[in-house]
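The following exercises are to be worked with the sequence and the three-dimensional structure at hand. Each task is followed by a solution in steps.

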Amino acid sequence: MSPRRNRPHGGENPDRSGDSGDRYGGSQRSESWQGEEWLVRHVAGASSPGKRYRCPGCDQEIPGGAPHVVAWPEYGGVDDRRHWHKACWNAKDRRTTRVQRSRNAPKY
């Protein structure tokens with residue numbers, strides 16, 4: 001007896017154009033912000049266990065396993081990606097441009 005194969009019987013892959021899920025468990029789209037096009041990806045929390053990031057919107061830590069948003073300029077590279085809380089990304093136009101850090105806060 002041969003082992004069972006878990007493949008769809010439809011033959012072709014479903015159409016994955018447009019806003020589709022990716023290997024990080026979220027969808028990607030393009031948004032305009034500050035006169036520039038940004039690529040925005042919603043990341044499911046389960047795809048980033050153990051990794052912690054600092055949100056540029058509120059300067060607070062995003063714990064590992066928490067759902068969040070990754071955004072970068074359309075023509076930017078890997079070093080330009082920033083991890084945001086979803087609420088901070090949605091409120092980015094209402095925030096001031098300068099983030100105040102406490103005296104003992106890390107600068108990353």
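**Exercise 1. A residue in a loop**

Asp59 is found in the loop between β3 (53-54) and β4 (61-62); the model is a predicted one.

*Solution.* 
Step 1. Apply the cut-off for burial, which is under 20% relative accessible area.

**Exercise 2. The order of the strands**

State in which order the strands of the four-stranded sheet lie, and which of them are the edge strands.

*Solution.* 
Step 1. Recall that strands of a sheet pair through backbone hydrogen bonds, either parallel or antiparallel.
Step 2. The open sheet has the order β1-β2-β5-β6, and its pairing is antiparallel.
Step 3. β1 and β6 (82-84) are the edge strands, since each of them pairs on one side only.
Step 4. On average, neighbouring strands of this sheet are turned by 35° against each other, direction ignored.

**Exercise 3. Two strand pairs in detail**

Find how many bridges join β1 to β2 and over how many bridges β5 and β6 pair.

*Solution.* 
Step 1. Strand β1 (residues 28-33) runs antiparallel to strand β2 (residues 36-43), and six bridges join them. For example, Ser30 has Leu39 in β2 as its bridge partner.
Step 2. Two residues lie between the strands of this hairpin, where Gln34 takes a positive phi near 55°.
Step 3. Strand β5 (residues 68-73) pairs with β6 over three bridges, again in the antiparallel sense. Here the bridge partner of Val70 in β6 is His83.

**Exercise 4. A buried arginine**

Arg41 lies in strand β2. Identify which side chain Arg41 joins in a polar contact of 2.6 Å.

*Solution.* 
Step 1. The relative accessible area of Arg41 is 14%, so this residue is buried.
Step 2. The side chain of Arg41 makes the polar contact of 2.6 Å with the side chain of Gln28.

**Exercise 5. The core and its aromatic rings**

*Solution.* 
Step 1. The largest nonpolar core has 11 residues, among them Trp38, Val40, Val69, Ala71, Trp84 and Trp89.
Step 2. Trp84 is buried because its relative accessibility is 7%, and Trp89 is buried because its value is 0%.
Step 3. Not counting residues up to four places away in sequence, Trp89 touches Glu31, Trp33, Trp38, Val40, Val69, Ala71 and Trp84.
Step 4. Five aromatic pairs are found in the whole structure.
Step 5. Ring pairs link Trp33, Trp38, Trp84 and Trp89 into a cluster.

**Exercise 6. Sequence distance and spatial distance**

Determine how many residues separate Gly76 and Trp38 in sequence and what distance separates their C-alpha atoms.

*Solution.* 
Step 1. Gly76 is found in the loop between β5 and β6. With a relative accessible area of 26%, Gly76 is partly exposed.
Step 2. Gly76 and Trp38 are 38 residues apart in sequence, and 8.9 Å apart in space from C-alpha to C-alpha.

Conventions: Residues numbered from 1 in each chain as written. Predicted model: local features only at pLDDT ≥ 70, side-chain atom pairs only at ≥ 80, totals over all residues. Heavy atoms only, no water. Pairing = 2+ DSSP bridges. Axes fitted to C-alpha atoms, helices over the stretch in contact; angles between N-to-C directions. Buried < 20%, exposed > 50% of the residue type's maximum accessible area, 1.4 Å probe, protein only. Polar contact = N/O pair within 3.5 Å; in protein donor to acceptor, adjacent residues only side chain to side chain. Core = buried A, V, L, I, M, F, W, Y, C linked by side-chain atoms within 4.5 Å. Contact = heavy atoms within 4.5 Å. Phe/Tyr/Trp six-rings, centres within 6.5 Å; stacked < 30°, edge-to-face > 60°.
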